[in-house]
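Here are some friendly notes to read alongside the structure. Please have it open as you go through them.

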Amino acid sequence: MRLDLPIALLACLLLAQAASVAKDEKARYDNHAVYKIKYHNPLQRQILLQLTKRRQEFSLWNESPSELHLMVSPNVIPEFEKYLSRANVTAEIFVANVQALIDTETVENTRAAESFGWTRYNTLAEIEAWLDEILAKYSDVTEEFIVGTSYEGRTIRGIKISYKTGNPGVFIESNIHAREWITSATATWFINELLSSEDELVRQLAESHDWYIVPVLNVDGFVYTHEKDRLWRKTRQPVSTSSCIGTDPNRNYDVHWMENGGASKDPCAEDYGGPNPLSEPEIKAMSEYIKSVKDKVNVLLAFHSYSQLLLSPYGHTDEEFPDNYDDLLQVAKAYADAVEALPYGSVFRYGSAASVLYTASGATNDYAYQQGIKIAYTVEMRDRGTFGFVLPPAFIIPNAEETLIGIIALLAECKKLGYLALK
Ligand code: 0X9
Ligand code: ZN
């Protein structure tokens, strides 16, 4: 079996340039295909991951110890396929044309544009207008909190829902990664359920916890995904040493920052950790906000997509595990079992981020854990590699329903294990 890259491919590695979007244009992904590639050995993994440095042609969608999801631009597809077959790599295409998927999503978003809802993805302006309505309508049990201000000057808003004093606190952070639209769609649906559902179980869930929910943390990035590039992940703050823009906000918290290769030092990389911890105003603000409420918060969930996982600390190493790791596994299992028992049958795996996924340091849930919030997960929502980040709006409600059922089970298990006592 040959594992070397074709010479032409290798030579281009050095010439790689970051993709950029001209000022008035929207990024297009015509005939960009997304491959699901199964590794046969660690060397193959290493070689294939190298390709992601050629940013104009290859973009990493997802990665785990067993497989890689790689978006490939049409000009290199023939060469890439030749390489795959010569190296005997098992690969299948799961999205043949990313632009077609984006176009369908855009049509669905505009067709159902009459009002805010969960049959389409809403813009930041729509989410904020809805939030205002909700805050006014349920003013007796809700209050707004401000996390801070983004690089581009937007206010990062959150909603606190509290039906009575003395409840344990649950924090939900959502859309830290700009392109993960399913997360804010789910967070807003969840807020709506907490406030308006008449289901007994949901009423109990809503009223026996205090909720702190930030539907869109990476506000600048989110607006950019709607207006310029659907697949943008990072913040929008320029980097002084590079022409590339943005930092991976989920690598920027001051917790084992940049340790063990858990973030990239390359400003053009999708997982760039930033010039220093908390370099991103959004993360500095969030970090301070979490600190300010940590004594009232028992559980933190950071919503992400995709791959259906519940990831607990630690992200920076798979050689050490939190003191309460057995409990973290048991609580995650409760979520996964409850979701799997639904008619949708979605399967969730769980474990520490570094052991199940990859080393990723400086993430929200690791920071929360370090601050004493002992139940803290990254929740990777649907799907597992059918539509990836461009999950059609028809899946918003099914995804949100299973998230709700998962959270009910997760909190019941937390209670059983004594994690919901007042701190
Ligand atoms: O890489 C990430 O930041 C997350 N995956 S995503 O595809 N949504 O980008 C995983 C974060 C795992 N959690 C920790 N490292 N704590
Ligand atoms: Zn993410």
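The points below look at an annotated residue and a metal site.

1. A word on the model: it is predicted, with local features needing pLDDT of at least 70 and side-chain atom pairs counting only at pLDDT 80 or more, while totals for chains, interfaces and linings use all residues. Residues are numbered from 1 along each chain as its sequence is written, chains are lettered from A and ligands numbered from 1 in the order in which they are written, and side-chain values use heavy atoms, leaving out hydrogens and water.

2. Start with Glu380, which an unreviewed UniProt entry annotates as "active site"; such annotations may be inferred rather than shown by experiment. Glu380 sits in strand β12 (residues 375-381), where strands are DSSP runs of E, at least two residues long.

3. Is Glu380 buried or exposed? With 9% relative accessibility, Glu380 counts as buried (under 20% relative accessible area; exposed is over 50%, partly exposed in between; 1.4 Å probe, protein chains only).

4. Beyond neighbours within four places in sequence, the contacts of Glu380 include His304, Tyr306 and Phe348 (contact means heavy atoms within 4.5 Å). Its side chain also reaches the backbone nitrogen of Tyr306 at 3.4 Å.

5. His304 leads on to the zinc ion (ligand 2), coordinated by His177 (ND1), Glu180 (OE), Glu180 (OE) and His304 (ND1) at 2.0 to 2.3 Å. His177 lies in the loop between β7 (169-174) and α6 (181-196) and His304 in strand β9 (residues 297-305), so the pair ties together parts 127 residues apart in sequence.

6. Both histidines are buried: His177 at 2% relative accessibility, and His304 with a relative accessible area of 2%.

Terms used:
Helices (H or I, at least four residues) and strands (E, at least two) are DSSP runs, numbered from the N terminus. A polar contact is a pair of N or O atoms within 3.5 Å; within protein, one must be able to donate a hydrogen and the other to accept it, and residues adjacent in sequence count only if both atoms are side-chain atoms. Donors are N, O and S atoms within 2.8 Å of the metal (3.2 Å for Na, K and Ca); water is not among the atoms, so sites may look incomplete.
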